Amino acid sequence: MIGAASGYAAAPAAANGAAPGRRPRRAERTGGGGGGGDTLASPLQGTILRVAVEAGAAVEEGALIAVIEAMKMENEITAHKAGTIAELPIAAGASVSAGDTLAVITAAE
């Protein structure tokens with residue numbers, strides 16, 4: 001029996017409800033993320049496999065912007081808000097670092 005009687009203390013629960021020693025899922029983490037404002041920043045380092053939009057296109061929140069390959073995995077990058085693609089400084093085959101600007105999305109007028 002494990003517990004106070006056996007001399008072992010129970011492990012405390014993590015503040016976010018996760019099991020102790022388990023890294024929180026991406027959705028559980030706070031901070032970071034797409035940030036605010038108009039800039040869609042790359043969440044990871046990798047190679048742009050495909051750009052799914054063009055400058056000037058109208059997009060909805062959650063629309064596919066690009067696909068980035070990182071560590072042999074394809075990662076779909078989606079729009080963080082609805083609006084118009086004002087800047088698109090990426091191209092297929094280009095390398096990006098975490099935090100690089102993938103697109104600038106301005107509010108639809």
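The structure is a predicted model, in which local features need pLDDT of at least 70, side-chain atom pairs count only at pLDDT 80 or more, and totals for chains, interfaces and linings use all residues. Residues are numbered from 1 along each chain as its sequence is written, and side-chain values use heavy atoms, with hydrogens and water left out. Mean pLDDT for the protein is 80, with 65% of residues at 70 or more.

The protein contains eight strands and zero helices, where helices (H or I, at least four residues) and strands (E, at least two) are DSSP runs numbered from the N terminus. An open sheet of four strands is arranged in the order E1-E8-E6-E3 with antiparallel pairing; two strands pair if DSSP finds at least two bridges between them. Strands E1 (39–41) and E3 (58–59) form the edges, each pairing on one side only. E1 is joined to the antiparallel strand E8 (residues 101–106) by three bridges. Leu-40 lies opposite Ala-103 of E8.

Of contacts between residues at least 6 apart in sequence, 53% link residues at least 24 apart. Buried residues (under 20% relative accessible area, 1.4 Å probe, protein chains only) make up 22% of the 109 residues. The accessible surface, from the Shrake-Rupley method with a 1.4 Å probe, is about 7,300 Å², and carbon and sulfur atoms account for 53% of this surface.

Key. Buried < 20%, exposed > 50% of the residue type's maximum accessible area, 1.4 Å probe, protein only. Contact = heavy atoms within 4.5 Å. pLDDT = per-residue confidence, 0-100.
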